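Hello,

Here is the structure I promised to pass on. My notes follow below it.

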Amino acid sequence: MDNNNDKQLKGFNNFSKFLLIYILIAFFMFYMYQYFTTQQSVEISYSQFKELINKDKVKSCSISEKYIKGIYIDKNGKKRRFITVAVNDPDLIKDLEAHHVDFSGKITNTWLTNLIFGWILPFGFLFFIWWLMTKKMRGTSGGLFGFGKGRFKVYLNEKPDVKFSDVAGADEAKQEIREIVEYLKDPQKYQRLGGRAPKGVLLVGAPGVGKTLFAKATAGEAGVPFISISGSEFIEMFVGVGASRVRDLFNEAKKLSPCIVFIDEIDAIGKSRAFNSLTSNDEREQTLNQLLAEMDGFDSSKGVIIMAATNRPEILDPALLRPGRFDRQIIVDKPDVKGREAIFRVHIKKIKISPDVDVKKLAQMTPGLVGADIANIVNEAALLAARENRDAVYMEHFEEAIERQIAGLKKKNKVISEEEKKRVAYHESGHAICAYLLPGADPVHKISIIPRGLSALGYTQQLPVDDKYLLTKEEMLDKVVTLLGGRAAEEIIFGSVSTGAQNDLSRATDIVRALITQFGMDEEIGLVVLEERSGGRFLTSEGIISQDNKISERTKQLVDEEVAKIMGECYAKAKELLLTHKDKLKMLASELLTKEVINEDELKNIMEGDNGD
Ligand code: ADP
Ligand code: ZN
């Protein structure tokens, strides 16, 4: 989120410019007035003034309540202006007349200046500010994001100079966003060629993985303006006007189109009602509704792309994810070793490093850290070197900076220990090997031990070959074995199991239950439907309607026994499978520990490698 070099949005600039000019003019007028009335005048005492009158030196004067101003002749015979403080002197007029001085009264003078400088200017100024503020409050259009002194985090970057080359790694994400870049370059042309105009892209990923950077780079690649705002500030800053703020934001965006509007931390606005039931928040809801309405409303040929970022996609209101809204989701993963190396290289470019710096090693030393951490480390290392007055940044500086960064993160419980990492590697390898060997399981796409959030320390991603509508009993059981493979691997290697397998267990149980109660695939229970699915996705527990009242206690008990029995059998099968391929398990796990991410082909290489089977 380093938006520091971005300009704040135009509206604010106009407003501050206006204010500045106003103040300058006021000061100018005031000084001009001072200048003409006093500057050139000689200030003299009242007694001097009387003396001058008596010597016939005063030519003319004007008398006001407070001052007497006029012209006198000085010693050299030159005319000069003078000013003196008026004194209550009843003889003055007589004296002036006696010496034939031209005089006039000027009572209105101070009254007018008092009026202007004491009342009209300050009140005019206050009125002006009040007018601006109420204008904001009413939410009418005009100078967007108007008041405040730079507290707003709405930024406009007309021409971001960040390119994809500044975002290291994230190749998959870059690939996915290519289409958006093409579209932004020429929205009309894109549509003429038959592309469906995209609207919203949701970037999902942990804090600091570079979501903001990536969105900005997308604007940079397409050469379009980048407007960014943070969701949480949206709500906080504009109490009572969130909805009209959204309207203003979109109006402004339409004027700038094609452009990208980036909403960071969208979960602050788009939290699902289900996660918010205790504190119902009308403000947030109105803002969300307005956002949805704007996204539905604007013509997509206009070329406004809304990108939003979140690290908790699961709590978002499903309405946000419907077609025509944030229907594209791009996952920005935490970087693996190679990714971290690339990020180090991007940031090291900006500093002078000694030849002893081993970037590969730096990447290996920083598992689980994200781009923002690495940017910090490089910065810190440079500072350390500068403090020591060294000619370049050495490896030792990096090592110390990494230690500091990791120590800081450990305090926040964000770093996993070596022991945990090893366990996760074996767990995921267990899933992967079962999936690889069992014909009914979906093929493995990717195995990763890079933690992804609070619950998942690693994951094995399986992709179905094609959409299947029919599953055989064997296929369902293979899935269960695969799910239990993680736990089985842990037991084989460590002799104990961890809590990490909890989600696996509940998913496996769901499948086994469905097999018995919904599909009549169990011999003991037979062809009876005890539960029906309603709506919810296939093989998920949501939306199950239990025929509870029609089921006898005996049957329920029998179902429970059958579930336990089948789960037991599947677990035994997983264990057997992994025991016969224990060497592969070890190879895969150690490979995972060094590479952190393993793809389909690499898994195949390991499984079909020559050393033993
Ligand atoms: P997020 O929006 O996901 O919280 P940011 O985009 O704000 O993360 O990233 C913060 C900083 O970390 C960036 O400004 C950049 O310096 C650095 N950074 C993060 N990811 C990368 C990356 N892939 N390549 C280079 N620098 C990165
Ligand atoms: Zn698992």
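The charged end of Arg390 sits over the ring of Tyr394, 4.5 Å from the ring centre. "Over" requires NZ of Lys or CZ of Arg within 6 Å of the ring centre and within 35 degrees of the ring normal. Arg423 places its charged end over the ring of Phe494, at 4.7 Å from the centre.

Conventions: this is a predicted model, with local features needing pLDDT of at least 70, side-chain atom pairs counting only at pLDDT 80 or more, and totals for chains, interfaces and linings using all residues. Residues are numbered from 1 along each chain as its sequence is written, chains are lettered from A and ligands numbered from 1 in the order written, and side-chain values use heavy atoms, leaving out hydrogens and water.

Next, the zinc ion (ligand 2). His427 (NE2), His431 (NE2) and Asp504 (OD) coordinate it at 2.0 to 2.1 Å. Donors are N, O and S atoms within 2.8 Å of the metal (3.2 Å for Na, K and Ca); water is not among the atoms, so the site may look incomplete. The donor spacing is H-x3-H-x72-D. His431 and Asp504 are both buried (under 20% relative accessible area; exposed is over 50%, partly exposed in between; 1.4 Å probe, protein chains only).

Now the rings. There are six aromatic pairs (Phe, Tyr or Trp six-membered ring centres within 6.5 Å; stacked under 30 degrees between planes, edge-to-face over 60, tilted otherwise). Tyr46 and Phe49 are tilted, at 5.7 Å and 50 degrees. Both are buried. Ring pairs join Tyr46, Phe49, Tyr72 and Phe82 into a cluster.

Best wishes
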